[in-house]
There are 4 protein chains.
Amino acid sequence: MTSLDSLRDAMRKFTHDRDWERFHDPKSLALALVGEVGELTELLQWLPAGDVVALAEKEPLRSRLGEELSDVLLYLVRLADVVGVDLGEAAMRKMQANSAKHPAP
Amino acid sequence: MTSLDSLRDAMRKFTHDRDWERFHDPKSLALALVGEVGELTELLQWLPAGDVVALAEKEPLRSRLGEELSDVLLYLVRLADVVGVDLGEAAMRKMQANSAKHPAP
Amino acid sequence: MTSLDSLRDAMRKFTHDRDWERFHDPKSLALALVGEVGELTELLQWLPAGDVVALAEKEPLRSRLGEELSDVLLYLVRLADVVGVDLGEAAMRKMQANSAKHPAP
Amino acid sequence: MTSLDSLRDAMRKFTHDRDWERFHDPKSLALALVGEVGELTELLQWLPAGDVVALAEKEPLRSRLGEELSDVLLYLVRLADVVGVDLGEAAMRKMQANSAKHPAP
């Protein structure tokens, strides 16, 4: 069971070991995040909307989706770290705010 | 310490309780993810690149970043769930692949 | 019939008259473009895929799509101008390259 | 001087000649647009913000930017066409609305 903290730490070490911190300002990371989101949407764009779930059970889409969803997550975790946001705590708080904003019937 | 599994379960219940599963096909979720990424980039776009980290330590940017980073994460977690990807496991595997592809010096 | 050159000139004057050139470096404009793309996808995300064209014939979607498509275009035109790309000429050249890459049957 | 109408007509013919209209529903085109935006941001993400304009004067960045800006434009023009928006007219109207909203000093 993967925690956001462990991914944050892994990304922090990965960046440090390669001396890439100088590239990781927030605006650059946001652009990199968008690049990965674009690779994710490219996997889906021409698939019939009703077929995606079934296609995603099989290769090669299954692995490709795992890779691109992961790339988005890793840059998101890294961006949160660089701007000093505890992403796991923020997400739990946002879930509660969403529940209050949209009460279940 | 928030796990991706707990966020997935919370989003799954949130969606189910509102009967919103019918909206959550992968292509629609991907578009919603992009919408949240856009709200995130709007926070950063006109800030001087070198000032963002310091500005993010203070309100209102601190809370706004937490909210928008969270919205991106929540839709990402939901999209991964809908297409049957174990996002935490996939991200750990991708980190290892990235390390192999870009060996530390 | 609107030319890309006239939109470029209008954006150039709009920016100059407000002394906003200092904000319009390419990375900032790219983030702003993404923000507008996000506003566009938010209009579409929860609509049934097969209903969008019919819904877009009526208000309020018709006007909203016009506005958000325009915002994306205006930042795209502005970004192209700032990086010195003749967007109309580049697009015509890309169309020809696409036709060569994907020959019609 | 390229008009948006001529690009729209070229994209319409390109799509028709390949029998690709069945893929071009608005949500799919929006995802394709995001994919191209991602390819554009990937060109910029790690460049020093202050160096992009100078780098864009030289190859290979110059041609690469022209291609990716064009791909975004072509899908934007196609999406506008499919949802029945006159993009040139809408953009001119949006420019006027922006000028009214942000009066020049």
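Two residues are said to be in contact if their C-beta atoms, placed from the backbone, lie within 7 Å. This is a predicted model, in which local features need pLDDT of at least 70 and side-chain atom pairs count only at pLDDT 80 or more, while totals for chains, interfaces and linings use all residues. Residues are numbered from 1 along each chain as its sequence is written, and chains are lettered from A, with ligands numbered from 1, in the order in which they are written.

**View 1. The contact of chain B with chain A.** Chain B gives 53 residues to this contact, and chain A gives 53 residues as well. On the side of chain B that touches chain A, at least two residues each come from helices H1 (4-17), H2 (26-44), H3 (52-55), H4 (61-82) and H5 (87-101), where a helix is a DSSP run (H or I) of at least four residues, numbered from the N terminus. The helix that gives the most to this side is H4(B), with 13 residues. Sorted by class, this side of chain B holds 33 nonpolar, ten polar and ten charged residues, where Ala, Val, Leu, Ile, Met, Phe, Trp, Tyr, Cys and Pro count as nonpolar, Asp, Glu, Lys and Arg as charged, and the others, Gly among them, as polar.

**View 2. The contact of chain C with chain A.** Five residues of chain C and five residues of chain A take part, and those on the side of chain C comprise four nonpolar, no polar and one charged.

**View 3. Helix H4 of chain C against helix H5 of chain D.** H4 (residues 61-82) of chain C packs on H5 (residues 87-101) of chain D at an angle of about 85°, with the axes 8 Å apart, so H4(C) is roughly perpendicular to H5(D), a term that covers angles of 65 to 115 degrees. Residues in this contact include C:Gly66, C:Leu69 and C:Leu73 of H4(C), together with D:Leu87, D:Ala90 and D:Lys94 of H5(D). By class, the contact has seven nonpolar, two polar and three charged residues.

Notes: Axes are lines fitted to C-alpha atoms, for helices over the stretch in contact, and angles run from 0 to 180 degrees between N-to-C directions. Angles under 35 degrees count as roughly parallel, over 145 as roughly antiparallel, 65 to 115 as roughly perpendicular and the rest as oblique.
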